[in-house]
Amino acid sequence: MNYSKIKRYDISNGCGIRCSIFFTGCDFHCPGCFNPELWDKNSGEIFDDAAKSELFSYLEDEHCDGLSVLGGEPLIQGQALVELLENVKTKFPEKTIWLWTGFKIDGKLDETQKMILQNCDYVVDGQFKEHLAGKKLRFRGSSNQRIWRHANGEFVRADDIEDNKRFLK
């Protein structure tokens with residue numbers, strides 16, 4: 001599992017002040033993609049114990065509201081991402097996890113991808129569509145993308161997120 005960068009403070013990707021990680025590798029290659037440099041799964045650095053320690057040290061910050069997982073495509077990271085998210089949930093149960101994916105959560109997913117999603121509090125799904133792009137879309141690049149909240153073991157639509165504080169947990 002490779003990543004491009006870990007951002008200590010991010011206020012653009014999810015509610016509140018977040019720590020973000022950008023994984024590499026994506027086969028969607030959406031025209032107008034925000035991060036085309038992350039398409040190559042062999043780019044970036046290997047997510048090793050040092051990277052995990054860095055990420056966890058950022059999550060320990062009392063001002064950090066949670067983790068945002070982006071890419072590239074997080075859902076192709078496999079079991080290693082399942083384990084990372086489970087570790088985050090165990091060590092930081094008060095923190096929320098947001099994840100962006102080109103896959104649709106109600107589409108065809110393998111069991112590992114479903115396990116990744118089960119560890120997330122919010123998921124933004126759907127491939128970026130350049131002709132549907134909008135600068136006023138909250139947490140989405142194009143209007144076809146949907147925001148889902150994980151509640152009581154199910155995902156419910158949360159596209160109307162407006163107030164950051166209301167949706168922290």
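In this briefing, Lys and Arg count as positive and Asp and Glu as negative, while His and the chain ends are not counted. Each charge is placed at NZ of Lys, CZ of Arg, CG of Asp or CD of Glu. On that basis, the mean positions of the protein's 23 positive and 27 negative charges lie 5 Å apart.

A word on the source: this is a predicted model, where local features need pLDDT of at least 70 and side-chain atom pairs count only at pLDDT 80 or more, while totals for chains, interfaces and linings use all residues. Residues are numbered from 1 along each chain as its sequence is written, and side-chain values use heavy atoms, with hydrogens and water left out.

**Overall fold**
- The protein has three helices and eight strands, taken as DSSP runs (helices H or I, at least four residues; strands E, at least two) and numbered from the N terminus.
- Along the sequence, the pattern reads β-β-β-α-β-α-β-α-β-β-β.
- The C-alpha atoms fill a box of roughly 40 × 40 × 30 Å along the principal axes.

**Packing**
- Of the 169 residues, 48% are buried, meaning under 20% relative accessible area with a 1.4 Å probe, protein chains only.
- Contacts are heavy atoms within 4.5 Å; among those between residues at least 6 apart in sequence, 62% join residues at least 24 apart.

**A look at arginine 140**
- You will find arginine 140 in the loop between β6 (122–125) and β7 (146–151).
- Arginine 140 counts as buried because its relative accessibility is 16%.
- Beyond neighbours within four places in sequence, the contacts of arginine 140 include Val124, Ile147 and Asp159.

How values were computed: Buried means under 20% relative accessible area, exposed over 50%, partly exposed in between (1.4 Å probe, protein chains only).
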